[in-house]
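Subject: Handover of a structure for your review

Dear colleague,

Please find below the structure that I am handing over to you. I would be grateful if you could read the notes after it with the coordinates open.

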Amino acid sequence: VSVGMVGAALELFEEVELWDPLIVCLSLLGKKQQAADLVRRRLDADDTNAKLWCALGDALDDEQYYWKAWEVSGESNARARRSLARRAAAREDWAAAAEHWMIALKINPLFPDGWFSGGYACLKCGRRDEALAAFVRCTQIDVENGQAWNNVAALNIRAGRFGAAHTALTEAVKYQRTSWHTWENHAMVCAKVGKFSTSALALLKVLELTQGARVHVETIQTLLERVREARANPTTAKWILDAANWEHDDDALNDDSDEDESWANSDMGDLAAEMLSAFSGASLPTKTYPARTESAHPSGLPRVALQLEGALEQVLTRSATGVSGGERTVRETSQVWASLAEFKAILGEHEDARDARVKSVRALDTSGWRKDLDAYTDYATATKGMVEGILDDIDAGRGGSTDSARLHLRSVVKVGE
């Protein structure tokens with residue numbers, strides 16, 4: 001069939017009585033009525049054959065024959081229920097589809113596509129716990145199903161279980177390496193669980209896959225706050241101490257791989273809790289360990305802080321100066337320049353910060369800020385940031401002039417009036 005020899009395949013399938021592929025061949029040849037006639041002849045000889053009734057349902061596109069197959073099988077034919085589930089999903093009757101899938105999967109649970117489709121149907125009709133359990137079962141059977149892992153993560157994010165979501169997304173990106181949506185989710189969740197350098201690297205991957213078009217400003221702001229904390233308190237910042245604890249934990253696990261893991265229970269129903277036990281986050285130790293430092297670096301910052309700064313600088317530079325191959329709003333571009341200015345100011349590179357603030361304002365020149373209230377608000381915010389930066393530089397003795405800023409402010413205020 002795959003090489004186009006449908007006629008030859010049809011003869012072989014009929015000879016060995018493989019009715020499902022035989023129906024497919026006849027359908028490909030546009031001979032559905034012939035397929036139905038053939039199945040009916042077979043049913044005359046054996047009207048208790050559930051597979052034949054399902055084949056007749058396929059040929060005539062009539063679900064009454066799937067119900068007949070379910071009846072003659074003594075309610076044990078999973079194929080009939082799967083067909084009914086697909087027909088219910090096609091007409092967007094998600095409650096019925098979910099019910100059909102769950103019954104079919106009780107009969108034949110080793111069907112990963114069924115768990116995925118059943119999970120999707122449960123999700124569409126608001127049964128999130130059952131959807132999560134179904135997607136987890138799907139990943140247990142087919143560990144390379146990146147979309148199922150992504151759905152497990154999304155449902156855990158909605159429930160606020162970011163540790164479980166991180167575990168699922170770590171698997172998802174292995175099998176969906178070209179999905180920027182998955183990488184962006186990974187970046188957001190890594191920032192939630194304290195894996196800040198990994199979050200920045202995931203943002204870089206998003207930029208690569210979207211040719212610079214996608215940038216998640218909220219995650220960038222979270223990472224900027226961590227950089228600020230590290231610069232202010234390089235040895236006592238909580239996230240740096242947590243990172244040291246995790247490194248120590250990883251070393252201990254590597255030294256004693258046979259030690260039993262202790263997982264927290266999940267409050268989401270017995271079935272889902274049992275399935276998701278592997279995703280529940282272990283509690284952090286109360287004892288702290290000294291952060292490892294990169295002694296060769298003049299700042300003396302801990303290694304994890306230097307890694308975050310390096311990765312975040314790449315993200316901001318690529319976002320601000322890289323060529324965007326897709327659609328990005330001028331508002332997002334302005335926010336990126338403002339974030340780069342903030343980053344440079346934290347690092348003490350004030351001249352670069354000043355230039356970035358100016359570019360944050362210029363990025364909004366084409367936003368229609370003179371006529372649109374929302375665009376005006378964005379422009380005024382960017383202007384405020386630029387002027388505050390100039391005043392800070394003057395107060396700190398780093399030079400600067402208020403003349404051009406005063407003129408600019410007057411023009412912005414005049415438009416606002």
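The notes below begin with the chain as a whole and then turn to particular helices, loops and residues.

Please bear in mind that this is a predicted model.

**The chain as a whole**

The secondary structure of the protein chain consists of 21 helices and zero strands. Of its 417 residues, 42% are buried. Among contacts in the chain with a separation of 6 or more, 52% are between residues 24 or more positions apart.

Ala 36 belongs to helix α3, which covers residues 32–45. Its relative accessible area is 0%, so Ala 36 is buried. Leaving aside residues up to four places away in sequence, Ala 36 touches Leu 56, Ala 59 and Leu 60. Ile 23 is 13 residues from Ala 36 along the chain, and the C-alpha atoms of the two are separated by 8.2 Å.

Asp 61 lies in the loop between α4 (50–60) and α5 (64–72). Although Asp 61 is not a glycine, its phi is positive, at about 55°. Is Asp 61 buried or exposed? With a relative accessible area of 53%, over the 50% cut-off, Asp 61 is exposed.

**The pair α9 and α10**

Helix α9 (residues 128–141) and helix α10 (residues 146–158) have axes that come within 9 Å and cross at roughly 150°. The crossing of α9 past α10 is left-handed. On the α9 side, the residues that meet α10 are Arg 128, Ala 131, Leu 132, Phe 135, Val 136, Cys 138 and Thr 139. Their counterparts in α10 are Ala 148, Trp 149, Asn 151, Val 152, Leu 155, Asn 156 and Arg 158. Sorted by class, this contact has nine nonpolar, three polar and two charged residues.

**Helix α12 and Thr 182**

Which residues of α12 are buried? They are Thr 182, Trp 183, Glu 184, His 186, Ala 187, Val 189, Cys 190 and Ala 191. These buried residues pack against α10, α11 (162–175), α13 and α14. After α12 comes Gly 194, with a positive phi near 95°.

Thr 182 sits in α12, which runs over residues 180–193. Its relative accessible area is 0%, so Thr 182 is buried. The side chains of Thr 182 and Ser 179 are joined by a polar contact of 3.0 Å. Not counting residues up to four places away in sequence, Thr 182 also touches Asn 150, Leu 169, Ala 172, Val 173 and Gln 176.

**The loop between α13 and α14**

Gln 211 is located in the loop between α13 (196–209) and α14 (217–232). Its phi is positive, near 55°, in a residue other than glycine. Gln 211 counts as partly exposed, because its relative accessibility is 48%.

Does the span of helix α20 (residues 373–395) agree with what 23 residues should give, or what is the distance between its ends? At 1.5 Å a residue the helix should span 33 Å, and its end C-alpha atoms are 32 Å apart, which agrees. Asp 372 caps the N-terminal end of α20, with a side-chain oxygen 3.2 Å from the backbone nitrogen of Asp 374. Just after α20, Gly 397 has a positive phi of about 75°.

The buried residues of α20 are Ala 375, Tyr 376, Tyr 379, Ala 382, Thr 383, Met 386, Val 387, Gly 389, Ile 390 and Asp 393. Their cover includes α18 (330–346), α19 (350–362) and α21 (403–416).

Val 415 is found in helix α21. Its relative accessibility is 32%, so Val 415 counts as partly exposed. Not counting residues up to four places away in sequence, Val 415 touches Trp 369, Arg 370 and Tyr 376. Val 415 and Lys 371 are 44 residues apart in sequence, and their C-alpha atoms are 8.7 Å apart in space.

With kind regards

Definitions and conventions:
Residues numbered from 1 in each chain as written. Predicted model: local features only at pLDDT ≥ 70, side-chain atom pairs only at ≥ 80, totals over all residues. Heavy atoms only, no water. Axes fitted to C-alpha atoms, helices over the stretch in contact; angles between N-to-C directions. Helix = DSSP H or I, 4+ residues; strand = E, 2+ residues; numbered from the N terminus. Left-handed = near helix turned anticlockwise from the far one by under 90°. Contact = heavy atoms within 4.5 Å. Nonpolar A, V, L, I, M, F, W, Y, C, P; charged D, E, K, R; others polar. Buried < 20%, exposed > 50% of the residue type's maximum accessible area, 1.4 Å probe, protein only. Polar contact = N/O pair within 3.5 Å; in protein donor to acceptor, adjacent residues only side chain to side chain. Expected span 1.5 Å × (residues − 1).
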